[in-house]
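This report walks through one protein chain, from its overall make-up down to single residues. Keep the structure open while reading.

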Amino acid sequence: MRKNRHFCLLLALFAAVLTVACAPVPLRAETTETDLELTARSVLLMEASTGAVLYEQNADEELSPASITKIMTLLLIFDALEEGKIALTDLVTTSAYAKSMGGSQVFLEEGEQQTVETMIKCIVIASGNDASVAMAEYLAGSEAEFVRRMNERAEGLGMSGTHFEDCCGLSEAETHRTTARDVAVMSRELITHYPQISDYATIWMENITHVTANGTSEFTLSNTNKLLKMSQSFRVTGLKTGSTSLAKYCFSGTAEQDGIHLIAVVMAAPDYKTRFSEAQAMLNYGFSVCSLFEDTDRDREELPEIPVERGKSDSVPLAYADSFSYLSTTGEDFSQIERRVSLESSLTAPVEEGTRAGTLEYILDGRTLGSVDIVTAAAVEEAGFPDILRRFWEAFLDTGFAV
């Protein structure tokens, strides 16, 4: 009984402390004109951590994607790496079919072997169609099966305006299509789950070595993303270009500034330079209006333990289920954000680790910006007869009586 009273007092004190305003410094609070004059047929600007769309124009029109198709190819490659199905050091053998790809290529020969890591560089830096098909065959046995997996992954991401017919974007079939919105979605999935993609996507030039029956030769990979060399205040982190006579000029550009990551998608731009200049214009606009609040202060105050009824333990520690971020484009004052904790009075055993026990809400000017679940950080088994007997004995001793 005494323990429960002490816990209630501790809980009330803790909630009062967390309700005070937290005061991180806002990244920026300027605003700018929202009327971007863009000539590309379809564009979209997205903030990566939240998925918030900052600007769009015909973003759901289904268009030919050309080589930005390879974003999905790269996503499946990194999925396989994460799952341990392949390793960066694995050797991939180029088939006659992979060698036969036209368009942009790195001139792999039939029977030539390159590591998975080299193939990734060939795909993301030089947009190699031959390398893309070689990797598709290595992962799935055939390009057709790999494309089926691409479409399955797209469906899982909610990319309703997308259907792939190949793994590299050479297809000019009307059924090989996507939208600026869907390109942003798969780009976000790639850069947020596999940020190491930037290590490859920002390489300007690098040599690879061809070792074939005809001997050894060097080939220079040159990055097709010219935004990397354009002057700007932000840091370019990727990602992928594409162009065919049908698709015209496409680009998914990613960049970072002050912890904010943006994705600018341009589809069917009229010429080579426009895709980069209009992506740059969107990124400049996005960075000028975005402020991102990330709660870095909450872990300074320890969460209390919550009582557990009929458990082997009297209480269980708590933890936050996730991080929290909030994107503003209106210059809000983040120093006025309040944190408000709500917890259950107790839980009943058995309790699994990760059981929801409350919430942490973020409130600004009376408006809830969002919340994070508070969950149990351990499991508690239901007490058995020996546990009950032990507690009875401990309670008896606590009364001050001696045997």
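The sections below describe the whole chain, its sheets, its helix packing, its nonpolar cores and one proline.

## The chain as a whole

The model is predicted. The protein chain contains ten helices and 18 strands. It has 403 residues, and 49% of them are buried.

Contacts can also be sorted by how far apart the partners lie in sequence. Among contacts in the protein chain with a separation of 6 or more, 67% are between residues 24 or more positions apart.

## The five-strand sheet

An open sheet of five strands runs in the order β2-β1-β9-β8-β7, and its pairing is antiparallel. At the edges are β2 (53–57) and β7 (235–244), each of which pairs on one side only. From one strand to the next, the twist averages 5 degrees.

Inside this sheet, β8 (residues 248–257) and β9 run antiparallel and are joined by eight bridges.

Helix α7 lies across β1, β2, β7, β8 and β9, and runs at about 145 degrees to β9. Helix α9 (residues 272–289) packs on the sheet and touches β1, β2, β7, β8 and β9. The direction of α9 makes about 150 degrees with that of β9.

## Other strand pairings

Another open sheet has three strands, ordered β12-β11-β16, with mixed pairing. Its edge strands are β12 (315–316) and β16 (347–348), and each pairs on one side only. Two bridges connect β11 (residues 306–309) with β12, and these strands run antiparallel. Ile 306 is opposite Val 316 in β12.

Strand β15 (residues 338–343) is joined to β17 (residues 356–364) by six bridges, and the two run antiparallel. Glu 338 stands opposite Ile 363 in β17. Which residues of β15 are on its covered face, and which on its uncovered one? Arg 339, Val 341 and Leu 343 are on the covered face, while Glu 338, Arg 340 and Ser 342 are on the uncovered one.

## How helices meet

The axes of α2 and α7 come within 10 Å and cross at roughly 30 degrees. Angles under 35 degrees count as roughly parallel, so α2 and α7 are roughly parallel to each other. The crossing of α2 past α7 is left-handed. On the α2 side, the contact is made by Ile 71, Met 72, Leu 74, Leu 75 and Phe 78. On the α7 side, it is made by Val 183, Met 186, Ser 187, Glu 189 and Leu 190.

Helices α5 and α6 have axes that come within 8 Å and cross at roughly 85 degrees. The range from 65 to 115 degrees counts as roughly perpendicular, and α5 and α6 are therefore roughly perpendicular to each other. Here Val 133, Ala 136, Glu 137, Leu 139 and Ala 140 of α5 meet Glu 143, Glu 145, Phe 146 and Arg 149 of α6.

In soluble globular proteins, nonpolar side chains tend to be buried together. In this model, the largest nonpolar core has 64 residues, and Met 72, Met 135 and Leu 190 touch the most other members. The elements that each supply at least two residues of this core are β1 (42–47), α2 (70–82), α4 (116–124), α5 (129–140), α6 (143–156), α7 (180–193), α8 (197–201) and β9 (260–269). Helix α2 gives the most, with nine residues.

What is Met 135 in contact with, leaving aside its neighbours within four places in sequence? Its contacts are Ile 77, Ile 86, Val 92, Val 116, Met 119 and Ile 123. There is also a second, separate core of 28 residues, which includes Val 43, Leu 228, Tyr 285 and Phe 287.

## Pro 65

Pro 65 is found in the loop between β2 and α2. Is Pro 65 buried or exposed? Buried means under 20% relative accessible area, and Pro 65 has 1% relative accessibility, so it counts as buried.

Residues from other parts of the sequence are in contact with this proline. Not counting residues up to four places away in sequence, Pro 65 touches His 176, Arg 177, Thr 178, Ala 247, Cys 250 and Met 267. Pro 65 and Ser 243 are 178 residues apart in sequence, yet their C-alpha atoms are 7.8 Å apart in space.

Note on methods. Residues are numbered from 1 along each chain as its sequence is written. This is a predicted model: local features need pLDDT of at least 70, side-chain atom pairs count only at pLDDT 80 or more; totals for chains, interfaces and linings use all residues. Side-chain values use heavy atoms; hydrogens and water are left out. Buried means under 20% relative accessible area, exposed over 50%, partly exposed in between (1.4 Å probe, protein chains only). Helices (H or I, at least four residues) and strands (E, at least two) are DSSP runs, numbered from the N terminus. Two strands pair if DSSP finds at least two bridges between them. A nonpolar core is a set of buried Ala, Val, Leu, Ile, Met, Phe, Trp, Tyr and Cys residues joined through side-chain atoms within 4.5 Å. Contact means heavy atoms within 4.5 Å. Axes are lines fitted to C-alpha atoms, for helices over the stretch in contact, and angles run from 0 to 180 degrees between N-to-C directions. Angles under 35 degrees count as roughly parallel, over 145 as roughly antiparallel, 65 to 115 as roughly perpendicular and the rest as oblique. A crossing is left-handed if the near helix is turned anticlockwise from the far one by less than a right angle, and right-handed if clockwise.
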